[in-house]
Amino acid sequence: MKKSLAVLVAGALTLTGLAGCSSEGTSGDGKVKIEFFQYKSEAKGTFDKLIAKFEKENPKIDVVQSNPPDAETVLKTRMAKRDLPDVVAMGGNSSFSELSHAGAFQDMSKDENLKDIKPAYVQMLKDITGLKEVYGIPYAANADAVIYNKTIFKELGLEVPKTWDEFIAAAEKVKAAGKIPFYFTFKDAWTTLPSYNVLSANTEGDSFFKDLNSGSTTFKEGHKEAVDKFLTLMNYGHKDQNGKAYNDGNTAFAKGGSAMYLQGIWAIPEIKKANPNIDLGVFPYPVTNTPGESKVVSGVDVLIALSSTTKHKAEAQKWINYLTSDATAKEYLKEQNAFSAKNGITQEDPSLEGLKEAFAKGAVTDFPDHYVPIAVGLEKQLQVLAMNKNADQYLTKLDTEWAKVKDRK
């Protein structure tokens, strides 16, 4: 059964003024106007280029890109007003699940573009929503990884660690050399998630969220190891790690401010903007002491969904078809340092070489935070944990907030 709109957007209507305008149909020059709403600020320039190429090939269609701050909240608010954009690009997460249940998107299970998508990513969307239908086309996949400065590693004689103990030993060696092992940017709460996602995904067990929903486990039981390791990593940070933001971290790492950076591969284009000459690489987090056991956390970073209320389905579909074409998908993943969700399209950037083996053998798993409703406030709770280092308080709070959400389901 679909959720009521009142439940979906409770508390969000105060942001109604932030909502963008919907498509207005046919403009004075005879063009059909469609709104393309996407949530990644770093991808705005890339989509602008793609839109320009599309409009040149389709002069009767005007694609207007919307990329507001706090995009997911804005989208939910617009759902309440039945003011949905024609095409939406967003992450495969709990917000996507809520909107799918509320009827925001059209069922795309039979869309021809879905046939070329890797089954694992299609299944991720089904797992996230709990629905048999597919309400979006997986487009781009990202990954959490340890980004490292190859120059610093060479200077200190460090090898890429394969186990947790080797990982911590490498951090110790960097620290002993008077350098910063990891650069943290916890002023932006969401930046607590990349490292925590990997730690929890590789220690919580495959059925954690199913067991959590059934009441047979708790965060206190399933996430204790992840929390302990998260706090261990923080011992190798820098001063004021709760006062630095994402952009600060990208710039600092680019300029040699740390040997490693615990971020997603989406940060690499921003790092290279700050220092095009940096010699960097990536490697999978070694969460356990069994080499090769840890999985890379990779989820649907961008999916393309068709609004259930669009009045310009043919034009919107044409834009979706263009985005999912091989040539366009390759251009997007090259600019955004992403992995394609589409079969046959590979990421050739040498800086991502360290992840290719994991992707090739399918040693990947989804982002745990994609299964945590926004109301739980996972990143906010992690931000508090980063400040007070109180593991028991953090885990108790998660269990309390999860119980509240569970009662509303």
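How many positive and negative side chains does the protein have, and how far apart do the centres of the two sets lie? There are 51 positive and 53 negative ones, with the two centres 2 Å apart; Lys and Arg count as positive, Asp and Glu as negative, and His and the chain ends are not counted. Each charge is placed at NZ of Lys, CZ of Arg, CG of Asp or CD of Glu.

This is a predicted model, in which local features need pLDDT of at least 70 and side-chain atom pairs count only at pLDDT 80 or more, while totals for chains, interfaces and linings use all residues. Residues are numbered from 1 along each chain as its sequence is written, and side-chain values use heavy atoms, leaving out hydrogens and water.

**Overall build**
- The protein has 18 helices and 12 strands, taken as DSSP runs numbered from the N terminus (helices are H or I, at least four residues; strands are E, at least two).
- Its radius of gyration is 21 Å, close to the 22 Å that the globule rule gives for 409 residues, so the protein is as compact as a globular protein of that length; the radius is taken over C-alpha atoms, and the rule is 2.2 Å times the number of residues to the power 0.38.
- Along the principal axes, the C-alpha atoms fill a box of roughly 65 × 50 × 40 Å.
- Take contacts (heavy atoms within 4.5 Å) between residues at least 6 apart in sequence: 77% of them join residues at least 24 apart.

**Inside the protein**
- Of the 409 residues, 56% count as buried (under 20% relative accessible area; exposed is over 50%, partly exposed in between; 1.4 Å probe, protein chains only).
- The largest nonpolar core has 131 residues, and Phe167 and Trp319 touch the most other members; such a core is a set of buried Ala, Val, Leu, Ile, Met, Phe, Trp, Tyr and Cys residues joined through side-chain atoms within 4.5 Å.
- Beyond its neighbours within four places in sequence, Trp319 is in contact with residues including Phe36, Phe54 and Val87.

**Asp144**
- Asp144 sits in strand S6 (residues 144-149) and is buried, at 1% relative accessibility.
- Leaving aside neighbours within four places in sequence, its contacts include Asn197, Gln263, Trp266, Tyr285 and Phe367.
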